[in-house]
Each structure stands twice: as structure tokens, then as C-alpha cells.
Amino acid sequence: MSKPRTSSSVKSRAVSKSEANQSDKNVTANESESAVAVGEQAAQPTVTIDSKEYTLESLGQQGREQLQNLRVTDQELQRLQDQLAITQTARNTYARILAEVTQSVTPVK
């Protein structure tokens, strides 16, 4: 998952971009990180789903659980993509070394 970007008083984090067969869903969570002065209303954490903003509270327990599931799934997808990139790099290196080795060997056919 990407690192959070911080603006003056709200932290935004991209949470989900489904690359599966379903339509892409863009979900962004905003969490308040500044202290609230006396008399000011605290900004409630929000999430943006399909370009519509909701408070986390309004999603209810099930909605918050699904949001957490999306976050965990996105982290796992990123981990697997990173692992795939490492594995592909290793394979390319092995293939390059094998090609170098075969230059000094006479082929059978």
C-alpha cells in the first residue's frame, strides 16, 4: 500500500483499486490528525467510495469490516506483486547466465 500523504489536517490514503474482473472501485479513507480547538467540531473520519464521501460511522460495523478487508487484501496484492517482480528478476538473471554458459558449449543439433 502506498505511504499516506499528509495535508494540513487530514491524512488521505488510497485504500483500494480492484484489478479483478469487477469494475474498478476507488476507496480513500481520511482520518483527522490535528488537535481540535475548544468550540471547534472534530472532523469525522471519512471514506470515499465511487466518488461519494461517507463517514466511517455511517458505514456501520459491517461496512467498516469490509473496508478493513479491502485494506488487508490490497496489502496482500502489493506483497504478491512485489514477490512476482523479485521472482521475475531472478528468472531473467538465470536465463541470462544460462545463455552465457551455452555460448561455450557445442549444441547437439
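The chain has 1 helix and 5 strands, in the order β-β-β-β-β-α along the sequence. Those elements are DSSP runs numbered from the N terminus, with helices being H or I over at least four residues and strands being E over at least two. This is a predicted model, so to speak for itself on confidence: local features need pLDDT of at least 70, side-chain atom pairs count only at pLDDT 80 or more, and totals for chains, interfaces and linings use all residues. Residues are numbered from 1 along each chain as its sequence is written, and side-chain values use heavy atoms, leaving out hydrogens and water.

**Confidence**

Start with pLDDT, the predictor's confidence in each residue on a scale from 0 to 100. The chain's mean is 76, and 61% of its residues reach 70 or more. Among the elements, strand β2 (residues 10-17) has the lowest mean pLDDT at 35, while α1 has the highest at 97. Residues 1-24 stay under 50, and the model has 56 contacts beyond four places in sequence for them. Residues 31-35 are also below 50, with 13 contacts in the model beyond near neighbours in sequence. A contact here is a pair of heavy atoms within 4.5 Å.

**Overall packing**

Of the 109 residues, 12% count as buried. The classes run on relative accessible area: under 20% is buried, over 50% is exposed, and anything in between is partly exposed (1.4 Å probe, protein chains only). The chain exposes about 8,800 Å², with carbon and sulfur atoms supplying 53% of that. Areas are Shrake-Rupley values with a 1.4 Å probe, and for residues only the protein chains shown count as cover. As for contact range, take the contacts between residues at least 6 apart in sequence: 26% of them join residues at least 24 apart.

T46 has T55 in β5 as its bridge partner, and T48 stands opposite E53 in β5. The two strands form a hairpin with 2 residues between them, and D50 in the turn has a positive phi of about 50°.

Side chains of opposite charge can pair when their charged atoms come close. The structure holds 2 salt bridges, each defined as a side-chain nitrogen of Lys or Arg within 4 Å of a carboxyl oxygen of Asp or Glu.

| Salt bridge | N to O distance |
|---|---|
| E76 and R79 | 2.7 Å |
| R96 and E100 | 3.2 Å |

E76 and R79 both lie in helix α1, 3 residues apart, about one turn of the helix. E76 is partly exposed at 35% relative accessibility, and R79 is partly exposed at 43%. R96 and E100 are separated by about one helical turn because they sit 4 residues apart in α1. R96 comes in as partly exposed at 46%, and E100 as partly exposed at 44%.

There is a nonpolar surface patch too: I97, L98, V101 and V105, with about 350 Å² of accessible area together. Patch residues need over 30% relative accessible area and no salt bridge; like charges are joined within 9 Å, and nonpolar side chains (Val, Leu, Ile, Met, Phe, Trp, Tyr) within 5 Å. L98 lies in helix α1 (residues 60-102) and counts as exposed, at 54% relative accessibility.

Definitions and conventions: Pairing = 2+ DSSP bridges.
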